[in-house]
Amino acid sequence: MSKPDQSDLIPVAGNGLLHRRLFLRTGLGAGAAMLVAGRVGAEPQRPPWMRTPGTGMGESGAPSPFEDHVVRAPVGSQPGTTGAGVSRTPLQHLDGIITPSRLHFERHHSGIPEIDPDRHRLVIHGLVDRPLSFDAETLDRYPQVSRIQFLECSGNSGALTAPEPVDGNCASIHGLISASEWGGVPLGVLLEEAGLKPEGKWVVAAGADAAAMSRSVPLEKILDDAIVALYQNGERLRPSNGYPMRLFLPGWEGNASVKWLRTLKVTDAPAMAKDETSKYSDLDADGQARLFTFPMGVKSVITSPSPGLALAGPGVYQISGVAWSGRGRIRSVEVSADGGVSWAEAALDEHVLSRCLTRFRAAWQWDGGPATLLSRAVDETGAVQPTRASAMAGRAPESFYHYNGMQAWAVNPEGASRNVYV
Amino acid sequence: MFMYKRWMAPSLMVAALMMAAFGQAQAAESPGLGVPLSDSEVAAVDLVVMPDGRGLPAGSGDAHQGLDVYQRECRICHGDGGQGGPNDRLAGGIGSLATAQPVKTIGSYWPYATTVFDYVRRAMPYHLPGSLSTDEVYAVTAYLLAENGIIERDRVLDAETLPAVQMPNSGGFSWAWPED
């Protein structure tokens, strides 16, 4: 790792933002290069774990015990229940774009069913020539695809619609998004086998959970890029993500990607299920509401620094975060250290994938004074992540779904960050 | 390998499916391993109720019968008369949506009465879903609509009368899909 030369440390935007070439040329963490102690002429030393063979192999891996704070928290469920709520991805402790499966967020409506795959069937029926059923073993024999894509609950970031800033962190505010490699069977293949009738326009998907959770999905999306997912990050889906099979709708609000998929009924209209009318609909201040807000809007959040991750003192830091859009790839991300007065373009990691998390990074020379960090993303359609004021315009009180306004973190002289509105 | 490559091309897949949608399905496109189902096998897993009433089963109930069901199965979470408890308020709030304190309930917000039946039959009561008889689901649906002042307490709901119920906020929604 080479040392940055002094020209790299000239700010390109207010309050210490440095040019992104600091990362592009020297690699990550150049500004805080690891110190490797080496006393010339001293006896070689061994830490305790180098003085005896380590533990043996195991059939399944686990994170270091020193990382046991990296968990899905906070967890919350409806009163009197343990399975009607959410657990959140700890974005502030993660890097890259893949969410480890054990840390993928959860939103369940009636707990996680324990499904014996030999006794589970997917039934395709309704406006088809031949109702058919498939089990997981059979689906594994079909042509499959895999893609690295995000899944986001439409309530994610909704805490920012509160009239006053909540005392939250990346997980509690934005932790209802995760990204995985999803593998499975293109749903169009199965519908074709069943024989679509011309009057079919929607598909009502329902799960094998205790709520038989159901959503109506336009047939157009089903034929475009929907899959029956069997795999997540290379292994079979976990029970908390729909084992043995789930619907996966790239870029669309997570609730519609029905887990534990049990039935797909082709219909001529939406069923107007509870979770597409009473919930997940967007109420405006004028009393009118919108149904079927499907693609998730372009959004980004700085994950480091962020609340809970205090800066050690003045110096050069990496600002890092994730950006995503339900309508395609991220085109660019800008960051600000002065509350949005000036902006610097962030570097994007190599993997800029459609409907996936994109990791961005910027270099920042913190002078120890107050700073307000913001990020804003632009997607390939040209859509720009809105300010909070813009994202709030026209919303009814407590209308919190599909919020994609910018997140501001205020850094105080002690190096701590908190959620603020600008 | 031939088939794998074929399915890697989305445009080809969509083209093939659009043909299928117009009744020109090519039998060779799929391994064809789906197991055909009889009508009764489909009926055993089909819970979909449409806003126009398609999918509603035979049976009936009214608000008087529904009160008993509600008190026994629902009140502990949703409060007396659906006014809310530990969990969602189900009644009242009609006319509040455009105010500074919108109250979203079945009566004030939900656009279709059939959704109540569909959801209760699927998911309620929370700790014992599927435990209510069809008549009980109709009855508790009638009770909730009556508590909201939408139907008379003597009104018997069944597959014919439930979809005919006009909800106060039925005109309160537009569709965000398809996008412009």
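**Confidence**

What pLDDT does chain B average? I found an average of 89, with 84% of the residues of chain B scoring at least 70; pLDDT is the predictor's confidence in each residue, from 0 to 100. This is a predicted model, where local features need pLDDT of at least 70, side-chain atom pairs count only at pLDDT 80 or more, and totals for chains, interfaces and linings use all residues. Residues are numbered from 1 along each chain as its sequence is written, while chains are lettered from A and ligands numbered from 1 in the order in which they are written.

I marked residues 1-28 of chain B, where pLDDT stays under 50. For that stretch the model has 30 contacts beyond four places in sequence (two residues are in contact if their C-beta atoms, placed from the backbone, lie within 7 Å). For the complex, I noted an ipTM of 0.93 and a pTM of 0.92 from the predictor.

**Where the chains touch**

I looked up the contact and found 59 residues from chain A and 55 residues from chain B. Helix 2 of chain B gives the most to the side of chain B that touches chain A, with 6 residues (helices, H or I with at least four residues, and strands, E with at least two, are DSSP runs numbered from the N terminus). By class, that side of chain B has 42 nonpolar, 9 polar and 4 charged residues (Ala, Val, Leu, Ile, Met, Phe, Trp, Tyr, Cys and Pro count as nonpolar, Asp, Glu, Lys and Arg as charged, and the others, Gly among them, as polar).

**Strands**

I saw strand 7 (residues 132-134) of chain A pair with strand 1 of chain B in the antiparallel sense over 2 bridges (strands pair if DSSP finds at least two bridges between them). There, A:Ser133 has B:Val35 as its bridge partner.

Within chain A, strand 18 and strand 19 (residues 315-324) pair in the antiparallel sense over 5 bridges. A:Ile302 has A:Gly321 in strand 19 as its bridge partner.
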